Amino acid sequence: MKWLNWFARISISCFWLVFSASVAAADLKLWYEQRANTWEEALPLGNGRLGAMVYGGVASETIQLNEDTFWAGGPHNNLNPAARAALPEIRRLIAAGQHSAASALAEKSITSQGAQGMPYQSAGVLDMVFPGHEKYSEYYRELDLNDATVRVRYAVGDTQFQREIFTSFVDQVVVIRLSADRPNALNFSVGLSHPEGMTIKEESDGLLMQGNSIDHEGIKGQVELANMTKILVPDGKMQLRDNRLTVNGATEAVILVAMATNFVNYRDLSGDPLARVDAFMQSAIKAFSGSVYQARLLAHQNFYRRYFSRVELNLGTNEFAQQPTDVRIREFSKRYDPSLTALYFQFGRYLLISSSQPGTQPANLQGIWNPHSTPPWDSKYTLNINAEMNYWPSEVTNLSELHEPFIQLVRDLAQTGRDAAKNMYGARGWMAHHNTDIWRISGAVDGPWGPWPTSSAWLVQHLWQKYLYTGDEKFLREAFPIFQSACEFFEDFLIRDEKAGGLVVSPSMSPENEPKATGVKIAAGATMDNQLLFDLFTNTIQAAEILDQNSADIKRWQKILDQLPPMQIGRYHQLQEWLEDWDDPFDQHRHVSHLYGLFPSNQISPIHTPELFSAARVTMEQRGDPSTGWSMNWKINLWARLLDGDRALKLIRDQISPAGGTGFSEAGGTYPNMFDAHPPFQVDGNFGFTSGVAEMLAQSHDGAVHLLPALPHAWPKGEVKGLVMRGGFVIDMAWENGEVNYLKVVSQLGGNLRIRSYAPLPKPQGFQVIAAAGSNPNLFYKVPEVKHPIKHTQRNLPRLSLERTYLIDVSTKAGKEYQWSR
């Protein structure tokens, strides 16, 4: 028996070594046979603080630069003090059905009459000129996701030239290494520029560019930028002339770019950008001096890989993986190219690692990459889905630490939002509207889009979900005052609505849609608001119980929870979007806000709320598939939650298709550099895609870990490693013919592991498995008690049954791993 156990362990180990090797060998490069002609073809690099877009030109190279704190304006808030006095009249008009008048009044009295949020700005451009390189051959450029490095290769005559570019996580500079395979063949010059015409100085064998952020909407630009460039040349000759660094006769050179601002936090601009940039540069020069380039590159790569290598995905490969990335994107919807889906999935993880590190700003609407002074939507944080969507992959794809910048934004808004609650609405607690920026504004912006007061309820869910994945009770205790304060606002703000027979949010809207019945967005008791407040109060009560908080608060919150309106099923059998049955079955609006309850929330379930589950599917059918990029990627997640992998894959095919230009439209898709297109570029779609693929492979929101819940028929065989489920379960899994044939679960927290699958799992290796019954005793898997829906249709829709699935329990210990194999 001992011999058999030993043999089983060895067999499992060998299987996993083969599995890991096969996944690691998967295609993880974006590569091209020509330079980028547009920004949407350039390749992104970032270290959370610094961003770079590399064009890969030959005779002239362009690297567009960003620094995450370089925003227009300065510390301020944008509250409209007229809101408090106007609030009763706005509510009266809505209740009386005079929505247009209510909207007009809200636009004047709630939406800011001044600043609408500040734009994130470009930090300039580094350009390089290579005389004599106009005629070249053997061109190749790549972004390698294995090591977060861009490489460009080409030949001029019989000389091979190479560039290697990375944004160092450890040295905090942009690094460009140029080399030639023939001695003294490198001749080039380097310059800096900025779209706002910043001052360039020749200083200490380098270039220094300085300037201020722009004034915007009455707020003076107060962020000071310093951008410094120097070159390390082991051989050859370097000189400064006409604000350019020129190198002649070199064999290799390392260009270092350091950037810094005076930003300390959203209230404080007392930093010294010159001292900071000089410190970054001097530290980098010391690190890169001598023959240590490879060691510094390896330090950067090791830092990056400790995040990136946690998750691996292999969906299979074929001959199309040998083609350039732009060709694969163009042809994806017409053929079977599964490894491009895996590459796209990992590209989303790469972008999050590159744009969100502990201590940096959170990823904004364009991540960290933006070439403009006034970009589309100002590159702000849109809080009615887009900013939250950026962080959907953070926990499930094993990047929990990278959630921290967004959680810090929530902490900041919990402070500035107190002023909004008090001065605009006469309420306690904190709140925010549908947009914020680096200054953590909490007022309303963008005219009729402004009066949506519910973002705080969504933002708090990120704190709760972080706890559910990590089990970090210390974090929950520290965050709990933010939960409490968010509840306090709605305790004061909610009003009783006789038609709803309960408490509603008024004024508000279903972002960013408007019903034909009223022609305007403003409304009361929108379904999404009811869902958000259900989550806020439900999860705050559960957190209070875990932390042994005041029972009087719990009773008060439960009373409010009991008075929230239930979800409704409308006359077209759809999940109703508004309090009234105003839905249009031909409405294909990009926002599907009322499906928040399906994803990212867990209020709509085939097991516990089957009628709502069926109604949600009807809504998804009515809304259709083609839309903006971020909307299609949300729909991948929604179809995964509807357990329809083939429809989710159809959305993947819609997404991985050429984008409909760079101007504003709703023809979403993918740019040649794999950026998501609204269009124009929005990074949230990339993150939503990654989250959606994870949801297709494993889910943990509905009382159990559900393996392969929405596997398309086109993925019969595959492997995934490192996905994280709620309760701290980390899963590695392989499948064939759509059935799991290997499973390893590492239990980080211990407790009951409940697994749901469509087919029996392989044999457990040395531990007991029992058939599951009743509710899952693991508190991280507590299922919410959702009210029965109000129905406005007599039709009973078909239900999806999971009664024939397999459900097992395993009692686990923290730090132990559990394996199943054939």
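**A walk through the model**

Mentor: Asn 778 sits in the loop between strand S32 (770–771) and strand S33 (790–791), where helices (H or I, at least four residues) and strands (E, at least two) are DSSP runs numbered from the N terminus. This is a predicted model, in which local features need pLDDT of at least 70 and side-chain atom pairs count only at pLDDT 80 or more, while totals for chains, interfaces and linings use all residues. Residues are numbered from 1 along each chain as its sequence is written, and side-chain values use heavy atoms, with hydrogens and water left out.

Trainee: Is Asn 778 buried or exposed?
Mentor: Asn 778 is buried, with a relative accessible area of 6%; buried means under 20% relative accessible area, exposed over 50%, and partly exposed in between, with a 1.4 Å probe and protein chains only.

Trainee: And what does Asn 778 touch?
Mentor: Leaving aside residues up to four places away in sequence, Asn 778 touches Phe 729, Gly 750, Gly 751 and Asn 752, contact meaning heavy atoms within 4.5 Å.

Trainee: Switching to sheets, in what order do the strands of the open sheet with S32 run?
Mentor: The order is S25-S26-S30-S34-S32, 5 strands with mixed pairing, and two strands pair if DSSP finds at least two bridges between them. Strand S25 (698–699) and S32 stand at the edges with a single partner strand each, so one side of each has no neighbour in the sheet.

Trainee: How many bridges join S30 to S34?
Mentor: Strand S30 (residues 751–757) and strand S34 (residues 806–812) run antiparallel and are joined by 7 bridges, and Arg 754 stands opposite Asp 809 in S34.

Trainee: What about the hairpin of S2 and S3, which residue there takes a positive phi?
Mentor: That is Gly 48, with phi near 90 degrees, in a hairpin that has 3 residues between the strands. S2 pairs with strand S3 (residues 50–54) in the antiparallel sense over 4 bridges, and Gly 46 has Gly 51 as its bridge partner in S3. From strand S2 (residues 43–46), Leu 43 and Leu 45 point one way and Pro 44 and Gly 46 the other way, and all are buried.

Trainee: Now helices: what does the buried part of H2 pack against?
Mentor: The buried residues of H2 pack against helix H3 (99–109), helix H10 (404–425), helix H12 (473–493) and strand S20 (495–497); among those buried are Ala 83, Leu 87 and Ile 90. After H2 comes Gly 97, whose phi is positive, near 80 degrees.
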